[in-house]
Amino acid sequence: MNSTARQRSYGVKGAPYVFLLPATVLFALFFALPIGYALWLSFRKVKVSGLGLGSGARTEVWAGLENYTDALSDSELLNGALRVLGYGCVVVPVMLGLALLFALMLDSEKVRLTPFTRLAIFLPYAVPGVVAALLWGFLYLPDVSPFHFVLDRLGLPRPDLLDGGPLYLALSNIAVWGGTGFNMIVIYTSLRAIPAEVYEAARLDGATPLQIALRIKIPMVAPSLVLTFFFSIIATLQVYNEPTTLKPLTNSVSTTWSPLMKVYRDAFGDGDIHGAAAQAVIIACVTLLLSFGFLRAANRRQKQEAAR
């Protein structure tokens, strides 16, 4: 092989790495580097000498696992995690149930105006989360809500959705309204990929539309359901926009309502950047463990079903 052919061969082999280089650099700068910096901060703390005044009075020293032990024993962080758990128990099943129902309805041959209906269901997902929370927040406020005005005219009680137990339903409604469309599109795309011959064979065997949906469509889109459940779990653990946006409208939402809100409060409100970094690392690890465990359980179940 001459030198020209050898250079051309090296150029062909190196082309993929050239195309990957921009993405790799961006990943390292805006993802890997911040994670590494957060880990480094989580193992350090600020040591204050004397009154903390003057140069050298505040120095950064190694803290070991002290920030992690403080975070794990912090009642505010644990209470926020419990609130998010209750929030997720409402959001995830309702959102995925509606997404599956809408996808099955759109996949039905009897549905008319499918493109318009699909767009109408998906459109709330295009609304930014902060804007959606503000819109729903003003609809919840008794003094400005048109729903409360109608209830008042009808002589019916006006529930305060921003106080107490109903607050969970109010926050969950915002997440369900905004996320159902995205999950519906994922499931609907999987339904459209099922060969038409499968449905035709089921009809020839006398299967009803309901039986086709329960015994053919839902089992065949199980991977999409796993994917949407996976994304929904991650989004639930990282809830921040909705309670933060509704906080100025009610006293029921504290600055530590969710774990991420507490991380923000500690880092930028109290100035405890090292403790906040440790809490962020813990939240990331819990998210990773739950996601990995769920995916592994789902893969194990799929392998068992395939072996039968």
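Leaving aside neighbours within four places in sequence, Thr-228 is in contact with Leu-96, Asn-183, Val-186 and Ile-187, contact being defined as heavy atoms within 4.5 Å. Thr-228 lies in helix H10, where helices (H or I, at least four residues) are DSSP runs numbered from the N terminus. Its relative accessibility is 1%, so Thr-228 counts as buried; buried means under 20% relative accessible area, exposed over 50% and partly exposed in between (1.4 Å probe, protein chains only). The model is predicted, with local features requiring pLDDT of at least 70 and side-chain atom pairs counting only at pLDDT 80 or more, whereas totals for chains, interfaces and linings use all residues. Residues are numbered from 1 along each chain as its sequence is written, and side-chain values use heavy atoms, with hydrogens and water left out.

Asn-183, one of the residues in contact with Thr-228, is placed in helix H7. Asn-183 is buried, with a relative accessible area of 3%. When neighbours within four places in sequence are set aside, the contacts of Asn-183 are Met-95, Leu-96, Ala-99, Thr-228 and Ser-232.

Helix H3 packs against helix H10 (residues 222-237) at an angle of about 150 degrees, and the two axes are 10 Å apart. Axes are lines fitted to C-alpha atoms, for helices over the stretch in contact, and angles run from 0 to 180 degrees between N-to-C directions. H3 is therefore roughly antiparallel to H10; angles under 35 degrees count as roughly parallel, over 145 as roughly antiparallel, 65 to 115 as roughly perpendicular and the rest as oblique. On the H3 side the contact is made by Val-84, Tyr-87, Gly-88, Val-92, Met-95, Leu-96 and Leu-100, and on the H10 side by Leu-225, Thr-228, Phe-229, Ser-232, Ile-233, Thr-236 and Leu-237.

Gly-88 is located in helix H3 and, at 11% relative accessibility, counts as buried. Residues up to four places away in sequence not being counted, Gly-88 touches Pro-93 and Thr-236. The C-alpha atoms of Gly-88 and Val-239 are separated by 9.4 Å, although these residues are 151 residues apart along the chain.

H3 also meets helix H9 (residues 209-220), the axes coming within 12 Å and crossing at roughly 105 degrees. This angle makes H3 roughly perpendicular to H9. Leu-100, Leu-104 and Asp-107 of H3 meet Ala-213, Lys-217 and Ile-218 of H9.

Aromatic pairs were searched for over the whole structure, and 14 were found. Rings of Phe, Tyr and Trp (its six-membered ring) pair if their centres lie within 6.5 Å, with planes under 30 degrees apart counted as stacked, over 60 as edge-to-face and the rest as tilted. The ring centres of Tyr-87 and Trp-257 are 6.3 Å apart and the planes stand at 85 degrees, so this pair is edge-to-face. Because Tyr-87 lies in helix H3 (residues 75-107) and Trp-257 in the loop between helix H11 (241-246) and helix H12 (259-269), the pair ties together parts that are 170 residues apart in sequence. Both Tyr-87 and Trp-257 are buried. The rings of Tyr-125 and Phe-182, with centres 5.0 Å apart and planes at 25 degrees, form a stacked pair. Tyr-125 is partly exposed, at 41% relative accessibility, and Phe-182 is partly exposed, with a relative accessible area of 27%. Phe-43, Trp-62 and Tyr-68 form one aromatic cluster.

Terms used: Helix = DSSP H or I, 4+ residues; strand = E, 2+ residues; numbered from the N terminus.
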